[in-house]
Amino acid sequence: MYSTLSAYDQWLARREDHRRLCAAGGEDRLSALPDDVLRLILRRLDTRSALATAALSKHWARLPRDLPVLEFKVGDVLPERYHGYLRRRRLDAVDRGKLDIVIGRYERQAMRSLGNAVRSFLGAGDGDYARRSAQAMTLELFPTHNSSPFNRLIATAVGDWGVQDLEVVVLNSTPCRRDASYTFPHRCFDDSKSPGGLKRLKLSNCAPLPARNDGGGGPPPAFSSLTVLVLQGIMPKSTSLYQRVLQGCPMLEVLHLKSCLFRGKISIDAPASRIKELMLDACTFRVVTLWNLPMLERLACRGAHLTLRFGSLPLLTSLNLSFYDDPNAGPDPRHAAYYSQRDEYSFLDFSSRFPVLESLVVGFTGPEMWVVPDLAVPLGNLRRLLVADMPRSWDASWTCRILEAAPSLETLHVHVASRDCEETAFGPAIPEPPSGFTHQALREVVIVGFKANSVHIHFVRFLVSACTALEKVAMLKHGRVVDKGLWDWEMAATQEDCPWNNEEKDVISRQILAVSSTTRIVLG
């Protein structure tokens, strides 16, 4: 009914309908519902729609103040015409400069509208009778020269409303507005007697601290109780920013760095840190050195190749290393690097031991063998190992060397990439374990992408003969790895008919079980 009207006209029309209903003596059954039911309705609306219900009646006016989640997004203010200009800009390189001017005008208008809405929202909350309470808040905006209303919103939400989960997203603006920026307003909390209890903070394209250290003493009050921090799209000029963040978050337990653009070396040395989980995802660091993180339990590195150097990580139990050649391409079937020559060298510098490491994920995407098993580094407590996305042209027998370093390994999962790559015969870069080698803990082996060729048959035969406790070997021609978070997974077969006929099954089983064994062979 109101779909062709603007947002403001829709609001006027609804208000007029409500007044007409009341004047006619009609019954407002919706407002007669219990407050608990009305709150459930409001929680299913976005913040803008929920706040608009305050115009219905005095009864509705007080309900939005109890919203547990608040969202202020500049995208809700932008008209559809703005997105049409963006689409034209991507296709039209000739008039791109003119389109940037028009797009920038829309962005400035949207930011003025959002700023006015934030001021009105804050002004409506003056007085104790209107005190709000919220658990989470999202703020989405463009870089701006007038950040005062948004800074006040963040400080009020954290300090007065009790917001514990905060997300600030700074959208990429047009080139004509690159002089504007936005930084997290931690200084707004300096003079606050109650800096709040912010627990989780996610910043996208928004620096958590100023570029320069002004020498102020002590951590920022806003970060004093922070336990989860996600930094995405940060472009610092030096790595000192990350060290300052660690020093300014004494209670931090989870740190995620996503798409952080800095082509250099980053070093983390925090002996007093409480960080238990660290993730580096699609960052452009060249070298990462983790000197001292005494409480770190889970570590994940995904993205472009980098050199990892480890110092003291005594409690590390889960490790995920998934690298690919092109940070812009990622693990894509069209990844051109598959067709280039590979090099065999290690991107890992194990200068320490991992006494309690239980789970290891090794992901290959690209032609380079970037990790080489180092038998000088014992993995005595390793229980589960996943080798994922391994090119089909590789000799899988090198994974047997890990068995020497991991005498307690119980589960070995190997996923061979289904993508076509250049079938080049490579010699065994890493020699197999000695002929008399035995492993007494391995119980399950699953190979997804199994091919009944001499290389894979030889690999499985070695496992069956060398692993005395091996109970099951599953060889799946088609399947995939189902991620259950960053450090857990399961191997799943595709839902289709078994690709092996009975004759092929018999031939493969006889080749593998040429030696006496009680291992159960599963072909799928």
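## Ground rules

In this predicted model, local features need pLDDT of at least 70 and side-chain atom pairs count only at pLDDT 80 or more, while totals for chains, interfaces and linings use all residues. Residues are numbered from 1 along each chain as its sequence is written, and side-chain values use heavy atoms, with hydrogens and water left out.

## Where two helices meet

Let's start with helix α10 (residues 454–466) and helix α11 (residues 502–512), which pack at about 50° with their axes 9 Å apart. That makes α10 oblique to α11 (under 35 degrees would be roughly parallel, over 145 roughly antiparallel, 65 to 115 roughly perpendicular, and the rest is oblique). Axes here are lines fitted to C-alpha atoms over the stretch in contact, and angles run from 0 to 180 degrees between N-to-C directions. Helices (H or I, at least four residues) and strands (E, at least two) are DSSP runs, numbered from the N terminus.

Who touches whom? On the α10 side, Ile457, Val460, Arg461 and Val464 meet Ile508, Gln511 and Ile512 of α11, with contact meaning heavy atoms within 4.5 Å.

## Two loop residues with positive phi

Asparagine 205 sits in the loop between β4 (200–204) and β5 (228–232). Its phi is near 55°, a positive value in a residue other than glycine. Asparagine 205 is partly exposed, at a relative accessible area of 34% (buried is under 20%, exposed over 50%, partly exposed in between, using a 1.4 Å probe and protein chains only).

Serine 259 lies in the loop between β6 (254–258) and β7 (265–269). Phi is positive at serine 259 too, near 50°, and serine 259 is partly exposed, with a relative accessible area of 30%.
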